Amino acid sequence: MAQPSQLGFQDAASPVMEEMIHFHDHALMIVFLISTLVLYIIVAMVSTNLTNTYILDSQEIEIVWTILPAVILILIALPSLRILYLMDEINDPHLTIKAVGHQWYWSYEYTDYEDLGFDSYMIPTQDLTPGQFRLLEADHRMVIPMESPIRVLVTAEDVLHSWAVPSLGVKMDAVPGRLNQMAFIAARPGVFFGQCSEICGANHSFMPIVVEAVPLQQFEKWSSMMLQEA
(Lines give C-alpha, C1' and ligand atoms only; values in the text may rest on other atoms or scores of the structure.)
Protein backbone atom coordinates (compact mmCIF):
# COMPACT_ATOMS: atom_id res chain seq x y z
CA MET A 1 0.00 0.00 0.00
CA ALA A 2 1.01 3.65 -0.31
CA GLN A 3 3.31 5.16 2.32
CA PRO A 4 3.43 8.74 3.67
CA SER A 5 5.40 11.12 1.39
CA GLN A 6 5.63 8.42 -1.29
CA LEU A 7 6.52 9.84 -4.71
CA GLY A 8 6.43 6.74 -6.91
CA PHE A 9 3.99 3.92 -7.52
CA GLN A 10 3.15 1.18 -5.06
CA ASP A 11 5.22 -1.99 -5.30
CA ALA A 12 4.00 -4.07 -8.24
CA ALA A 13 2.08 -7.24 -7.40
CA SER A 14 1.30 -8.31 -10.98
CA PRO A 15 3.29 -8.62 -14.24
CA VAL A 16 1.22 -5.87 -15.91
CA MET A 17 1.92 -3.43 -13.08
CA GLU A 18 5.64 -4.16 -13.39
CA GLU A 19 5.45 -3.30 -17.08
CA MET A 20 3.57 -0.09 -16.29
CA ILE A 21 6.22 0.98 -13.77
CA HIS A 22 8.98 0.32 -16.32
CA PHE A 23 7.09 2.33 -18.93
CA HIS A 24 6.59 5.17 -16.45
CA ASP A 25 10.34 5.31 -15.78
CA HIS A 26 11.05 5.14 -19.53
CA ALA A 27 8.66 8.02 -20.32
CA LEU A 28 9.84 10.05 -17.34
CA MET A 29 13.45 9.85 -18.53
CA ILE A 30 12.43 11.10 -21.99
CA VAL A 31 10.50 13.99 -20.41
CA PHE A 32 13.52 14.81 -18.23
CA LEU A 33 15.86 14.91 -21.23
CA ILE A 34 13.45 17.10 -23.23
CA SER A 35 13.02 19.49 -20.29
CA THR A 36 16.79 19.74 -19.86
CA LEU A 37 17.29 20.49 -23.57
CA VAL A 38 14.53 23.13 -23.62
CA LEU A 39 15.91 24.78 -20.48
CA TYR A 40 19.40 24.87 -22.01
CA ILE A 41 18.05 26.43 -25.23
CA ILE A 42 16.13 29.08 -23.26
CA VAL A 43 19.20 30.00 -21.20
CA ALA A 44 21.38 30.08 -24.34
CA MET A 45 18.94 32.35 -26.20
CA VAL A 46 18.66 34.76 -23.26
CA SER A 47 22.39 34.94 -22.52
CA THR A 48 23.87 34.69 -26.03
CA ASN A 49 23.61 36.95 -29.08
CA LEU A 50 22.85 34.48 -31.89
CA THR A 51 23.54 36.19 -35.23
CA ASN A 52 24.97 33.35 -37.27
CA THR A 53 23.29 33.22 -40.68
CA TYR A 54 23.51 29.44 -40.94
CA ILE A 55 21.68 29.05 -37.61
CA LEU A 56 18.96 31.61 -38.33
CA ASP A 57 18.11 30.10 -41.71
CA SER A 58 19.01 26.41 -41.86
CA GLN A 59 16.89 23.70 -43.43
CA GLU A 60 19.04 21.05 -41.74
CA ILE A 61 18.01 22.30 -38.29
CA GLU A 62 14.35 22.41 -39.36
CA ILE A 63 14.60 18.79 -40.55
CA VAL A 64 16.14 17.73 -37.23
CA TRP A 65 13.53 19.43 -35.04
CA THR A 66 10.75 17.94 -37.18
CA ILE A 67 12.03 14.35 -37.28
CA LEU A 68 13.32 14.18 -33.70
CA PRO A 69 9.92 14.75 -32.02
CA ALA A 70 8.38 12.13 -34.30
CA VAL A 71 11.03 9.60 -33.24
CA ILE A 72 10.44 10.45 -29.57
CA LEU A 73 6.69 9.96 -29.97
CA ILE A 74 7.31 6.54 -31.53
CA LEU A 75 9.59 5.56 -28.64
CA ILE A 76 6.76 6.42 -26.25
CA ALA A 77 3.83 5.07 -28.29
CA LEU A 78 5.13 1.57 -29.03
CA PRO A 79 5.69 0.46 -25.40
CA SER A 80 2.41 2.12 -24.45
CA LEU A 81 0.44 0.17 -27.07
CA ARG A 82 2.15 -3.05 -26.02
CA ILE A 83 1.04 -2.62 -22.41
CA LEU A 84 -2.45 -1.60 -23.54
CA TYR A 85 -2.89 -4.87 -25.42
CA LEU A 86 -1.43 -6.86 -22.52
CA MET A 87 -4.01 -5.34 -20.19
CA ASP A 88 -6.90 -6.21 -22.54
CA GLU A 89 -5.84 -9.80 -23.16
CA ILE A 90 -7.74 -12.49 -21.26
CA ASN A 91 -6.52 -16.03 -21.87
CA ASP A 92 -8.36 -18.93 -20.21
CA PRO A 93 -8.95 -17.45 -16.73
CA HIS A 94 -8.82 -19.94 -13.86
CA LEU A 95 -11.38 -18.00 -11.82
CA THR A 96 -14.12 -15.48 -12.65
CA ILE A 97 -15.42 -13.04 -10.06
CA LYS A 98 -18.26 -10.58 -10.52
CA ALA A 99 -17.83 -7.30 -8.61
CA VAL A 100 -20.98 -5.21 -8.23
CA GLY A 101 -20.81 -1.65 -6.92
CA HIS A 102 -23.54 -0.36 -4.61
CA GLN A 103 -24.01 2.80 -2.58
CA TRP A 104 -21.65 2.33 -0.81
CA TYR A 105 -20.20 -1.16 -0.69
CA TRP A 106 -19.09 -3.94 -3.03
CA SER A 107 -20.67 -7.32 -3.68
CA TYR A 108 -18.62 -10.24 -4.97
CA GLU A 109 -19.95 -13.33 -6.73
CA TYR A 110 -17.66 -16.25 -7.53
CA THR A 111 -19.44 -17.37 -10.67
CA ASP A 112 -17.55 -20.68 -10.92
CA TYR A 113 -19.24 -21.76 -7.69
CA GLU A 114 -22.96 -22.19 -7.20
CA ASP A 115 -23.55 -20.24 -3.98
CA LEU A 116 -20.36 -18.36 -3.22
CA GLY A 117 -20.97 -14.64 -2.85
CA PHE A 118 -20.86 -11.95 -0.18
CA ASP A 119 -21.03 -8.22 0.48
CA SER A 120 -17.91 -6.29 1.45
CA TYR A 121 -18.39 -3.30 3.77
CA MET A 122 -15.78 -0.97 5.22
CA ILE A 123 -14.93 -1.68 8.87
CA PRO A 124 -15.84 1.40 10.97
CA THR A 125 -12.97 3.12 12.76
CA GLN A 126 -14.24 2.17 16.20
CA ASP A 127 -14.27 -1.54 15.24
CA LEU A 128 -10.71 -1.73 13.91
CA THR A 129 -8.24 -4.06 15.60
CA PRO A 130 -4.54 -3.21 16.09
CA GLY A 131 -2.69 -3.39 12.76
CA GLN A 132 -5.72 -2.70 10.56
CA PHE A 133 -5.83 0.38 8.34
CA ARG A 134 -8.49 3.04 8.78
CA LEU A 135 -10.84 3.52 5.78
CA LEU A 136 -9.14 0.64 3.91
CA GLU A 137 -10.17 -2.52 5.74
CA ALA A 138 -13.27 -4.47 4.71
CA ASP A 139 -15.21 -7.06 6.68
CA HIS A 140 -14.95 -9.55 3.79
CA ARG A 141 -11.92 -9.68 1.52
CA MET A 142 -11.93 -10.80 -2.08
CA VAL A 143 -9.73 -13.90 -1.79
CA ILE A 144 -7.99 -15.16 -4.93
CA PRO A 145 -5.36 -17.81 -5.70
CA MET A 146 -1.94 -16.41 -6.49
CA GLU A 147 -0.18 -17.04 -9.81
CA SER A 148 -3.52 -17.74 -11.51
CA PRO A 149 -5.26 -15.67 -14.22
CA ILE A 150 -8.26 -13.99 -12.60
CA ARG A 151 -11.10 -12.42 -14.60
CA VAL A 152 -13.20 -9.76 -12.87
CA LEU A 153 -16.58 -8.73 -14.28
CA VAL A 154 -17.42 -5.25 -13.04
CA THR A 155 -20.82 -3.59 -12.98
CA ALA A 156 -22.94 -1.36 -10.73
CA GLU A 157 -26.48 -1.47 -9.43
CA ASP A 158 -27.18 2.23 -8.89
CA VAL A 159 -24.61 4.85 -9.94
CA LEU A 160 -21.14 4.91 -11.52
CA HIS A 161 -18.39 3.28 -9.49
CA SER A 162 -14.85 2.22 -10.33
CA TRP A 163 -13.05 -0.92 -9.15
CA ALA A 164 -9.35 -0.10 -8.76
CA VAL A 165 -6.39 -1.79 -7.05
CA PRO A 166 -3.18 0.18 -7.81
CA SER A 167 -0.62 -2.49 -6.86
CA LEU A 168 -2.28 -4.97 -9.25
CA GLY A 169 -2.43 -2.39 -12.04
CA VAL A 170 -6.20 -2.69 -12.57
CA LYS A 171 -8.94 -0.07 -12.76
CA MET A 172 -12.32 -0.61 -14.38
CA ASP A 173 -15.46 1.53 -14.37
CA ALA A 174 -18.61 -0.03 -12.92
CA VAL A 175 -21.52 1.18 -15.05
CA PRO A 176 -25.17 0.29 -14.34
CA GLY A 177 -26.56 -1.94 -17.09
CA ARG A 178 -23.09 -2.67 -18.51
CA LEU A 179 -20.70 -5.54 -17.80
CA ASN A 180 -17.01 -4.64 -18.14
CA GLN A 181 -14.23 -7.17 -17.74
CA MET A 182 -10.54 -7.14 -16.88
CA ALA A 183 -7.91 -9.68 -15.94
CA PHE A 184 -4.84 -9.82 -13.73
CA ILE A 185 -2.44 -12.25 -12.09
CA ALA A 186 -1.30 -11.80 -8.50
CA ALA A 187 2.39 -12.70 -8.69
CA ARG A 188 2.89 -13.02 -4.94
CA PRO A 189 0.82 -13.61 -1.81
CA GLY A 190 -0.35 -10.59 0.12
CA VAL A 191 -3.17 -8.19 0.87
CA PHE A 192 -3.72 -5.41 -1.67
CA PHE A 193 -5.88 -2.37 -1.00
CA GLY A 194 -7.89 -0.25 -3.39
CA GLN A 195 -10.78 2.19 -3.37
CA CYS A 196 -13.65 3.25 -5.59
CA SER A 197 -12.06 5.66 -8.07
CA GLU A 198 -15.28 7.31 -9.23
CA ILE A 199 -17.07 10.05 -7.29
CA CYS A 200 -20.22 8.05 -6.59
CA GLY A 201 -21.88 10.01 -3.81
CA ALA A 202 -21.59 11.18 -0.22
CA ASN A 203 -19.86 8.02 1.03
CA HIS A 204 -17.62 7.65 -2.00
CA SER A 205 -14.49 7.45 0.19
CA PHE A 206 -15.92 4.68 2.35
CA MET A 207 -16.19 1.69 0.02
CA PRO A 208 -12.68 0.15 0.02
CA ILE A 209 -11.51 -2.85 -1.99
CA VAL A 210 -9.37 -5.51 -0.30
CA VAL A 211 -7.87 -8.31 -2.40
CA GLU A 212 -6.07 -11.13 -0.61
CA ALA A 213 -3.87 -13.41 -2.74
CA VAL A 214 -3.14 -16.79 -1.17
CA PRO A 215 -1.71 -20.14 -2.35
CA LEU A 216 -4.15 -22.39 -4.20
CA GLN A 217 -4.50 -24.88 -1.32
CA GLN A 218 -5.42 -22.10 1.09
CA PHE A 219 -7.90 -20.67 -1.41
CA GLU A 220 -9.61 -24.07 -1.71
CA LYS A 221 -9.92 -24.28 2.08
CA TRP A 222 -11.38 -20.77 2.21
CA SER A 223 -13.90 -21.47 -0.56
CA SER A 224 -15.01 -24.71 1.12
CA MET A 225 -15.50 -22.87 4.42
CA MET A 226 -17.50 -20.09 2.73
CA LEU A 227 -19.72 -22.63 0.94
CA GLN A 228 -20.42 -24.44 4.22
CA GLU A 229 -21.39 -21.15 5.88
CA ALA A 230 -23.71 -20.34 2.98
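**Exercise 1.** How many bridges join strand β1 to strand β5, and do the two run parallel or antiparallel?

*Solution.* Begin with the basis: this is a predicted model, in which local features need pLDDT of at least 70, side-chain atom pairs count only at pLDDT 80 or more, and totals for chains, interfaces and linings use all residues. Residues are numbered from 1 along each chain as its sequence is written, and side-chain values use heavy atoms, with hydrogens and water left out.

Step 1. Locate the strands, which are DSSP runs of E with at least two residues, numbered from the N terminus. Strand β1 covers residues 95–102 and β5 covers residues 149–156.

Step 2. Count the bridges: 7 join β1 to β5, and the two strands run parallel. Two strands pair if DSSP finds at least two bridges between them.

Step 3. Take one example: isoleucine 97 has valine 152 in β5 as its bridge partner.

**Exercise 2.** Give the strand order of the open sheet, and name its edge strands.

*Solution.* Step 1. The 5 strands follow the order β3-β2-β1-β5-β8, with mixed pairing.

Step 2. At the edges are β3 (117–120) and β8 (180–185), each of which pairs on one side only.

Step 3. From one strand to the next, the twist averages 25 degrees; axes here are lines fitted to C-alpha atoms, and angles run from 0 to 180 degrees between N-to-C directions.

**Exercise 3.** Compare the reach of helix α1 with the expected span.

*Solution.* Step 1. Helix α1 takes in residues 15–47, which is 33 residues. A helix is a DSSP run of H or I with at least four residues.

Step 2. The expected span is 1.5 Å times one less than the number of residues, and for α1 this is 48 Å.

Step 3. From first C-alpha to last, α1 reaches 48 Å, close to the expected value.

**Exercise 4.** Is serine 14 buried or exposed, and what does its side chain reach?

*Solution.* Step 1. Serine 14 sits in the segment before α1.

Step 2. Buried means under 20% relative accessible area, exposed over 50%, and partly exposed in between (1.4 Å probe, protein chains only). Serine 14 has a relative accessible area of 1%, so it is buried.

Step 3. Its contacts (heavy atoms within 4.5 Å), leaving aside neighbours within four places in sequence, are Ser167, Leu168, Gly169, Ile185 and Ala187.

Step 4. The serine 14 side chain reaches the backbone oxygen of leucine 168 at 2.8 Å.

Note on methods. A polar contact is a pair of N or O atoms within 3.5 Å; within protein, one must be able to donate a hydrogen and the other to accept it, and residues adjacent in sequence count only if both atoms are side-chain atoms.
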